[in-house]
Amino acid sequence: MGQHTPSDREIDVMTPSVARMYDWLLGGTDNYASDREACESLLKIAPSSKDLALTNRAFLRRVVHFLAQERGIRQFLDHGSGLPTRDNVHQVAQRVHPDTRVVYVDNDPIVLAHGRTMLEENAQTAVLCADMRRTDDIFNHPETGRLIRKDEPTAALFVSVLHCLPDHDDPGALLRRVAKRLAPGSYLVVCQIVSDDEGVRRGVTEMMAAATGGHWGRVRSKEEVTAFVKGWELLDPGLVEVSTWRPDSDLTVWSSGNEWEEWGGVVAL
């Protein structure tokens, strides 16, 4: 797979990580006791958290397949990719176009460690251990240069990661920085956890910030996420609860009675 970015951080098994918590919620095994304990605390506030993770993963599969099949996208940049699991971006996209190239970006060192093992046989993928806020570092990285062709359309993915960024990091500005680096005909895939319940927004935000040592942003309202993409063209059906974004036969409809949901869609650049 080529060179990987070395990490100067050891894996901290005592502090929960969002990537490992997500892995546990999806039924994975690449997590530690601290992650599982944090998930149990999360489930007390938001009992639908496992279903939310599964719904989000199904959206990721659908949107990648759609962009590859219907829009001809052959290169993807996945911000906050998390741990490799079944049907990773490159697997979904390469079933449509075997020459698809994918760069995964995550700042959790365990993602890099597992990515090396699971993706090393695929020369058209790379895993960068990098901060998704550092757009210049990501685009200037040799592996990005090897795989992402500047003059070809790219799908930049921000799937269920913007809630990891606090307001002072300005998620909307991050999206615009990335958009400026992409060729015409590119796409941004954007979704994050939202809730209409102020108590859920506050409770989850406080719990996750405390559990992860501050590596968390905020559960937001739909209006706040919508503001991130203001002025851009959205593919139909716009920003929606993600189980209703171009549903397929595997759809599990999200209950409107659940305490939170994933809210997102696809921007055409």
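The questions and answers below go through some features of a predicted model.

Reader: At what angle do helix α3 and helix α4 pack in this model?
Author: Helix α3 covers residues 49-69 and helix α4 covers residues 89-96, and their axes lie 9 Å apart. The crossing in which α3 passes α4 is right-handed. For the packing of these two helices, the angle is about 35°.

Reader: Which residues of α4 make the contact with α3?
Author: On the side of α3, the contact is made by L60, R61, V64, H65, A68 and Q69. Divided by class, the contact of α3 with α4 has 7 nonpolar, 2 polar and 1 charged residues. From α4, the residues that take part are V89, V92, A93 and V96.

Reader: How many of the residues of α4 are buried?
Author: The buried residues of this helix are V89, H90, V92, A93, Q94 and V96. Helix α4 is thus described as mostly covered, and the number buried is 6 of its 8 residues.

Reader: Is A53 buried or exposed?
Author: A53 is found in helix α3, and, when residues up to four places away in sequence are not counted, A53 touches Y22, L25 and L26. Its relative accessible area is 4%. Because a residue counts as buried under 20% relative accessible area, A53 with its 4% is buried.

Reader: What is the volume of the largest cavity?
Author: The structure holds 2 cavities of 30 Å³ or more. The lining of the largest cavity has 12 residues, and those nearest its centre are S81, G82, P84, N88 and Y104, while α3 and α5 each supply at least two residues of that lining. By class, the lining residues divide into 7 nonpolar, 3 polar and 2 charged. The volume of the largest cavity is about 70 Å³.

Reader: Which helix gives the most to the lining of the second largest cavity?
Author: The second largest cavity holds about 50 Å³ of space, and the residues that line this cavity are A19, Y22, D23, L26, R57, S81, G82, L83 and T85. They divide into 4 nonpolar, 3 polar and 2 charged residues. With 3 residues, the helix that gives the most to this lining is α1.

Reader: What is the relative accessible area of T144?
Author: T144 is found in helix α7, which covers residues 142-147. Leaving aside neighbours within four places in sequence, T144 is in contact with V103, L128, I138 and F139. T144 is buried, and its relative accessible area is 2%.

Reader: Where is the residue P237, which a cis peptide bond joins to D236?
Author: The peptide bond that joins D236 and P237 is cis, with omega at about 10°. As for its place in the chain, P237 is found in the loop between β6 and β7.

Reader: What is the phi of D170?
Author: D170 has its place in the loop between β4 and α8, and at 40% relative accessibility D170 counts as partly exposed. Although D170 is not a glycine, its phi is positive, at about 50°.

Reader: In which loop does R246 lie?
Author: R246 is a residue other than glycine, and its phi is a positive value near 45°. The relative accessible area of R246 is 32%, and R246 is therefore partly exposed. R246 lies in the loop between β7 and β8.

How values were computed: Residues are numbered from 1 along each chain as its sequence is written. This is a predicted model: local features need pLDDT of at least 70, side-chain atom pairs count only at pLDDT 80 or more; totals for chains, interfaces and linings use all residues. Side-chain values use heavy atoms; hydrogens and water are left out. Axes are lines fitted to C-alpha atoms, for helices over the stretch in contact, and angles run from 0 to 180 degrees between N-to-C directions. Helices (H or I, at least four residues) and strands (E, at least two) are DSSP runs, numbered from the N terminus. A crossing is left-handed if the near helix is turned anticlockwise from the far one by less than a right angle, and right-handed if clockwise. Contact means heavy atoms within 4.5 Å. Ala, Val, Leu, Ile, Met, Phe, Trp, Tyr, Cys and Pro count as nonpolar, Asp, Glu, Lys and Arg as charged, and the others, Gly among them, as polar. On a 1 Å grid over the protein atoms alone, a cavity is a set of points where a 1.4 Å probe fits but cannot get out, and a pocket is an open set with protein on both sides within 12 Å along at least five of seven lines; lining residues have an atom within 4 Å of a point. Grid points are joined across faces, edges and corners, and a volume is the space filled by probe spheres set on the points. Buried means under 20% relative accessible area, exposed over 50%, partly exposed in between (1.4 Å probe, protein chains only).
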